[in-house]
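Here is a friendly walk through a two-chain model, with an eye on how its parts meet. Please keep the viewer open as you read.

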2 protein chains.
Amino acid sequence: MEISERKYKILEAIIRNYLETGEPVGSRTISKYTDLNLSSATIRNEMSDLEELGLILQPHTSAGRIPSDQGYRLYVDHMMATRSMELDERAKELEDMKTFLTDKVDKVEELLQNVAKLLASNTNYASVVSTPKLSTNKLKFIQLTKVEPTKLLTVIVLDRNVIRNRIIELDQELSDDVVLKMNLMLNTALNGLSLEQMNLSLVSALRAQAGEYEGIINTIIDTIAQVIAGEDNLKIYTSGATNIFKYPELSDSTKASELINTLEEKQVLSNFIVNSLDSEESSETHDGIQVYIGNENSISTMQDCSVVTATYDLGEGMRGAIGIIGPKRMDYEKVVDSIKSLKSQLGSVLTDSKEPPK
Amino acid sequence: MEISERKYKILEAIIRNYLETGEPVGSRTISKYTDLNLSSATIRNEMSDLEELGLILQPHTSAGRIPSDQGYRLYVDHMMATRSMELDERAKELEDMKTFLTDKVDKVEELLQNVAKLLASNTNYASVVSTPKLSTNKLKFIQLTKVEPTKLLTVIVLDRNVIRNRIIELDQELSDDVVLKMNLMLNTALNGLSLEQMNLSLVSALRAQAGEYEGIINTIIDTIAQVIAGEDNLKIYTSGATNIFKYPELSDSTKASELINTLEEKQVLSNFIVNSLDSEESSETHDGIQVYIGNENSISTMQDCSVVTATYDLGEGMRGAIGIIGPKRMDYEKVVDSIKSLKSQLGSVLTDSKEPPK
DNA sequence: GTTAGCACTCATTTCATCCGAGTGCTAACA
DNA sequence: TGTTAGCACTCGGATGAAATGAGTGCTAAC
């Protein structure tokens with residue numbers, strides 16, 4: 001069976017109505033709600049067809065219809081295809097965002113937490129934001145300082161001024177001289193290199209050079225490797241978990257508990273996001289926005305939810321993700337808009353703060 | 001009316017039973033549950049008295065009794081007074097904790113998050129852990145490094161090797177020489193000082209010394225001040241928020257939502273903890289453990305909860321808090337034990353890692 | 001192809017009834 | 001005087017029957 005223009009309009013009307021109310025919608029409602037000027041009986045016939053097509057379904061006889069996952073899918077695809085251009089009327093709102101984002105934030109950490117909050121309160125769903133994943137980190141420079149006789153403070157500065165520090169415990173005492181020499185040695189050898197570029201031959205050359213301090217050099221190199229690698233571990237910020245209580249279909253005790261737990265634990269989310277980051281590279285769908293309806297996402301505790309994700313891009317392979325988790329009857333339009341704008345905002349805010357403003 | 005030994009035993013029996021079941025408990029149950037060998041009728045008489053004393057109450061006629069807040073209070077006070085000594089039989093459990101805590105943790109942040117997790121999963125309630133609040137931070141040393149022509153990396157090391165870094169943007173370019181000189185100047189002037197000790201005269205002397213770089217010195221001193229002050233902002237880690245769904249009296253949609261929201265937002269908790277840290281200095285109650293039953297705590301969304309908190313002490317005025325939030329029918333004994341042991345564990349773990357092991 | 005009409009379905013609401021856990025009180029007992 | 005048995009009473013919760021009404025599918029007419 002072909003899906004006619006009229007059928008789609010009816011489907012859309014059903015979905016729109018259901019998004020608002022969360023209640024199954026009947027033929028009479030549609031008959032009035034649309035400008036199709038059709039009687040409820042006609043609508044019923046069409047609905048019967050739509051049901052046969054698998055786009056809507058009845059919770060039980062004598063109830064109205066609700067959209068099926070396929071129905072949502074058709075609706076979302078259609079929406080994404082038609083209205084991908086019209087983002088301008090939200091300009092003011094965006095300005096607010098920008099000031100909110102840049103206002104009094106001095107750490108990326110806080111910034112991202114704020115983004116999550118913003119997104120959650122804007123949409124009334126739960127939100128997720130990840131730190132950017134740095135695909136190829138380069139060492140900008142490294143600095144060793146003695147803080148105590150047997151403790152070495154290691155400050156490691158990566159590309160884009162990402163700074164990390166570790167304290168290294170030594171089993172022997174070092175003179176200031178030696179520390180200075182090591183600083184020089186390490187910086188000369190390693191600066192500007194990514195983790196992959198610090199290959200074995202380089203390292204063994206360094207070791208040889210270090211002489212009796214070989215052990216310490218080893219420890220330091222290990223530390224650097226750990227730090228760079230550690231940046232691969234996404235950090236996840238969530239917000240608005242309690243928004244799910246606004247949607248009865250998600251707020252029964254067990255479902256809500258599982259869902260909030262997933263948001264709290266973050267590990268599962270992290271995996272999901274990593275996948276999403278990787279997979280998106282290939283399947284560039286609609287402006288880099290992906291919509292997972294119901295069981296289209298792989299997280300078991302979220303089978304009753306829809307998830308909308310986007311990646312933000314900071315250039316040079318640094319990409320993170322932002323996402324929304326809500327009920328299947330989500331206001332996809334609004335969410336997609338919000339995410340879309342935030343995606344670009346975030347890209348520019350984070351990039352601006354690293355480079356001179358244009 | 002005086003509360004006799006027997007009355008207390010009955011009260012205790014009621015509470016114990018209610019902690020387990022969450023159901024109002026009747027006279028017949030008590031008659032069998034205790035070894036008092038009294039008929040249900042006698043118990044009823046006593047219960048009537050206990051109710052008159054305000055220690056228990058009836059949800060409605062023809063229901064059993066449940067403990068009132070006052071009842072819990074009496075029970076908790078009694079418990080704290082009698083059994084404060086017997087902590088030894090938990091020794092094994094503690095060992096597990098210790099390894100769990102020290103295992104693969106390299107940052108205090110992660111450690112504290114783990115503590116929260118541990119506490120939550122041990123008790124089946126929600127847990128809160130704060131970072132230690134440093135009452136008097138001293139500057140150990142400061143180090144400036146040029147990372148880009150107009151960007152200065154400032155590494156600030158405080159007492160106990162707390163390390164913070166900031167990037168300072170400059171409006172002029174500095175030569176390596178000048179940076180070196182500034183390093184020396186700042187360190188000579190400020191090392192070992194607390195924020196209070198960096199008084200105005202000291203700062204203006206520094207400024208004078210800086211000559212044309214006065215502006216930069218100002219910025220740097222501001223940054224230092226900010227960092228030290230910033231350490232006052234407790235960070236709060238929570239875990240096990242979803243445990244509250246295990247207790248029907250807390251898991252109705254609105255209550256749960258509000259409660260979890262409070263845990264998620266953290267701001268309210270932070271205030272509460274700061275208060276608790278301050279107030280505890282004066283009122284050293286039972287081993288530094290405080291129990292707030294029902295509306296004894298000031299947080300509106302937690303009026304149906306009990307909160308048990310303790311402070312952990314790292315010496316030299318560094319104190320943080322750990323806490324448990326659960327239903328009023330909380331297993332106070334177990335919670336108090338868990339918190340008590342964790343309190344000391346935490347003190348020693350965090351202290352060990354800063355000092356040579358004994 | 002559209003619509004009016006009608007019989008039918010079934011979740012939800014309402015209402016009355018029943019059940020039983022638990023109480024308070026009284027009277028008898030040790 | 002304290003304890004206990006007995007009994008009438010209360011009231012929340014469970015059970016089930018009946019009423020309600022939103023919504024459908026089908027048929028027949030337009």
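A polar contact is a pair of N or O atoms within 3.5 Å; within protein, one atom must be able to donate a hydrogen and the other to accept it, and residues adjacent in sequence count only if both atoms are side-chain atoms. Between chain B and chain A there are 10 residue pairs in polar contact, both residues being at pLDDT 80 or more.

Before going on, a word on the basis of these values. This is a predicted model, in which local features need pLDDT of at least 70 and side-chain atom pairs count only at pLDDT 80 or more, while totals for chains, interfaces and linings use all residues. Residues are numbered from 1 along each chain as its sequence is written, chains are lettered from A and ligands numbered from 1 in the order in which they are written, and side-chain values use heavy atoms, with hydrogens and water left out.

**How the chains meet**

Counting contact as heavy atoms within 4.5 Å, 38 residues of chain B touch 38 residues of chain A. Because 100% of the interface residues of chain B are also interface residues in chain A, the copies meet through the same surface. Buried area is the accessible area (1.4 Å probe) that two parts lose on being put together, summed over both. B:Thr242, B:Phe245 and B:Glu264 supply 17% of the area that chain B buries against chain A, more than any other three residues.

The side of chain B that touches chain A divides into 11 nonpolar, 13 polar and 14 charged residues. Here Ala, Val, Leu, Ile, Met, Phe, Trp, Tyr, Cys and Pro count as nonpolar, Asp, Glu, Lys and Arg as charged, and the others, Gly among them, as polar.

**Inside chain A**

An automatic or database domain assignment sets the domain bounds, and chain A is divided into domain 1 (5-80), domain 2 (89-133 + 234-352) and domain 3 (139-229). In chain A, 13 residues of domain 1 are in contact with 15 residues of domain 2.

| Parts | Buried area | Share from carbon and sulfur atoms |
|---|---|---|
| Chain B and chain A | about 2800 Å² | 48% |
| Domain 1 and domain 2 of chain A | about 1200 Å² | 62% |

**Salt bridges**

Side chains of opposite charge can pair when their charged atoms come close. The rule used here asks for a side-chain nitrogen of Lys or Arg within 4 Å of a carboxyl oxygen of Asp or Glu. Over all chains, the whole structure has 31 salt bridges.

Across the interface of chain B and chain A there are 4 salt bridges; B:Lys117 and A:Glu265 form a salt bridge at 4.0 Å, N to O. Between domain 1 and domain 2 of chain A the count is 3 salt bridges. A:Arg73 pairs with A:Glu296 in a salt bridge, their closest N and O atoms being 2.5 Å apart.
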